[in-house]
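Hi everyone, thanks for coming. Let me put the structure up and walk you through it.

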Amino acid sequence: MTPLAEAAAREVIELHAFFVEAFTGRKREFRRAEQAFSPDLVMVSPEGRRANRLQILDALAKARARPDFRIAIHDIWPIRETSHSVLLHYIEEQYRDGETSKRVSVALFDAAPDAPCGVVWRYLQETWIAV
């Protein structure tokens, strides 16, 4: 992977680790997410709902999970890159309340030196995978 793709992959892993801490109440400060999201971020949920940056941050602030909540990220690989952006594929598995959900995600990242991992989320599309 190129340095930009590696930064995007690290961002995916670190942000999801942050979500686990935030949703379980161990860390409720969302500045890290705010810094990692582009002002024009758009997300399409697995159900097909579209959300902008403010809607995403609002949903994250309301999210709660039991202490045993976990997220695993794997199968990360770049689909396409330019000198300033990377389109990344990854699989996300969530373990919540004894249930496992799985989704494939495609995310577009733009280089941003001031962001936590040097990239910001620009677009995210998630699709459910049967478990």
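Predicted model: local features only at pLDDT ≥ 70, side-chain atom pairs only at ≥ 80, totals over all residues.

Okay, look at strand E5 (residues 99-111): E5 and E6 run antiparallel and are joined by ten bridges. I say two strands pair if DSSP finds at least two bridges between them.

Residues are numbered from 1 along each chain as its sequence is written, and side-chain values use heavy atoms, with hydrogens and water left out.

Now, which strand pairs with E1 (residues 37-44)? That's E6 (residues 119-129), in the parallel sense, over four bridges. Over there, Phe37 faces Trp121 in E6.

Zooming out, the protein has three helices and six strands, in the order α-α-β-β-α-β-β-β-β. Those are DSSP runs, numbered from the N terminus: helices are H or I with at least four residues, strands are E with at least two.

What about burial? Of the 131 residues, 45% are buried, where buried means under 20% relative accessible area with a 1.4 Å probe, counting protein chains only.

And contacts, meaning heavy atoms within 4.5 Å: among those with a separation of 6 or more, 52% link residues 24 or more positions apart.

Last one: the C-alpha atoms fill a box of roughly 40 × 30 × 25 Å, taken along the principal axes.

Definitions and conventions:
Buried < 20%, exposed > 50% of the residue type's maximum accessible area, 1.4 Å probe, protein only.
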